[in-house]
Amino acid sequence: MRILVLGGAGLQGKAVLYDLSRSHQVKEVVCADMNLAPLAPFKTFLDMDRIRLRHVDVTDKNALVSLMSEGFDVVIDVLPAGFLGKVAEAAIEAKVHLVNTMYGHQLPKGIHEKALDKGIILMPESGLDPGIDLILCSSGISQLDEVTELHSYCGGIPEPKAATNPLKYKISWTWQGVLSFYKTPARILQDGQVIDISPEDLHSETWIKTMDVPGVGEVERILNGDAVTFAAAMGLSKTLRNTTRCTLRWPGHAALWKALIDLNFLSDEPVKGFPFEITPHRFMVNHLEPQLQYKEGERDWVVLRTIVAGRKGGNGLRITHDLFDMRDLETGLFAMNRTVGCTASIVAQMIAGGEIKATGLLTAIRNIPCARFLDEVRKRGIRITEKVETEKI
């Protein structure tokens, strides 16, 4: 296999390279990025005999298409979300399969037909969330005749001894991305009724629930995104009564954010009285980002739980999947990097190996072989458990 990794010098990209370079199936990897310097300290953990480095300016479409046309089996895109459409269009022009870790609905309209016409695969949702969460939900759904509940809870949090600031949070993804999600409305289904929750209310006491995760402890759930749309994509609209998608944080996080939101600290309106333009949101990004970094020796934890409940035959069943991973202190890779990067690598290798054959714009919900994929995830030391419980109908 020959695989191109766009954005390979970034946090998730390093995890992709690490996983690919440990695979006997992969003959060559090309790591392409605008700035390759951040990769230098990490080279000691990579098989550099199989990795070539290339500078690329992804804003130059001709250069991008030219690079993609160099005979790769698959391209893995772990660039910032703003490049998503440009990279997908370039992959279609270069006639090469593409894997990324973003949501499929973020791609340009009509992209499925273009990919289908060229006979290539566009596989988004090949990360943690979206990615592993959707595959675990699909696993639960496949075990039931009728689904009435669907819940997905996922979060990256510092291990308890590293939760040393009032937010009890540190950055293993992008701080700008976290704050953007905190400003996105949520939609849930409760007792058959669709409920819309405004960004201003996401952190209010009304909507914050807690749950206990074995080996982790009590965490709080903060509503995140449109759970109803995901349920519809899974074909559950006719029978579903309750569905939520949530971010997980340590208790107390939501209450502090609610106070900051009420004081307009996430406003996009420029603050008056300065000789320059700055918004509270931009201030919060620049001011807090340096303070929320992990120190050497501190671990992040990734905690993911999916719950699917309904009927099987004459019985009520509830299927709970729990995933847990922590930072690898030897390589420095965060659990967030591992769960995202390993997923993208596994899916790319499945495509290159012919295990995924359908073409066009695919989805993790239906097009990734579930059992095989989860087996590969577990081989990376990422813990996944399944619990099946009977319930009264």
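Modeller: We begin with the names of the elements: helices (H or I, at least four residues) and strands (E, at least two) are DSSP runs, numbered from the N terminus. The model is predicted, and for that reason local features need pLDDT of at least 70 and side-chain atom pairs count only at pLDDT 80 or more, whereas totals for chains, interfaces and linings use all residues. Residues are numbered from 1 along each chain as its sequence is written, and side-chain values use heavy atoms, with hydrogens and water left out.

Colleague: How much space lies in the largest pocket, and which residues are the closest to its centre?

Modeller: Rolling a probe the size of a water molecule over the atoms shows where empty space is left. On a 1 Å grid over the protein atoms alone, a cavity is a set of points where a 1.4 Å probe fits but cannot get out, a pocket is an open set with protein on both sides within 12 Å along at least five of seven lines, and lining residues have an atom within 4 Å of a point. Points are joined across faces, edges and corners, and a volume is the space filled by probe spheres set on them. Here the largest pocket holds about 1000 Å³ of space. It is lined by 37 residues, of which Gln12, Met102, Trp173, Thr174 and Phe181 are the closest to its centre. Two or more lining residues come from each of helix H1 (11-21), strand E7 (146-158), helix H6 (175-181), strand E12 (242-249) and helix H10 (335-352), and H6 has the largest share, with 5 residues.

Colleague: What classes of residue make up the lining of the largest pocket?

Modeller: For the classes, Ala, Val, Leu, Ile, Met, Phe, Trp, Tyr, Cys and Pro count as nonpolar, Asp, Glu, Lys and Arg as charged, and the others, Gly among them, as polar. In this lining there are 17 nonpolar, 17 polar and 3 charged residues.

Colleague: Which elements supply the lining of the second largest pocket?

Modeller: That pocket has about 390 Å³ of space, and of the 19 residues that line it, Asp19, Arg22, Glu376, Lys379 and Arg380 are the closest to its centre. At least two lining residues are supplied by each of H1, H10 and helix H12 (370-379), with H10 giving the most, 5 residues. By class, the lining of this second largest pocket has 6 nonpolar, 4 polar and 9 charged residues.

Colleague: How many cavities of 30 Å³ or more are there, and which residues line the largest cavity?

Modeller: The count comes to 2 cavities of 30 Å³ or more, and the largest cavity has about 50 Å³ of space. Its lining consists of Cys137, Leu150, His151, Ser152, Ala227, Phe230, Ala231, Met234, Thr243, Thr244 and Arg245, and E7, helix H7 (227-233) and E12 are the elements that give two or more residues to it. Sorted by class, the lining of the largest cavity has 6 nonpolar, 4 polar and 1 charged residues.

Colleague: What lines the second largest cavity?

Modeller: This cavity, with a volume of about 30 Å³, is lined by Asp77, Leu79, Pro80, Ala81, Phe83, Leu84 and Met102. Its lining divides into 6 nonpolar, no polar and 1 charged residues.
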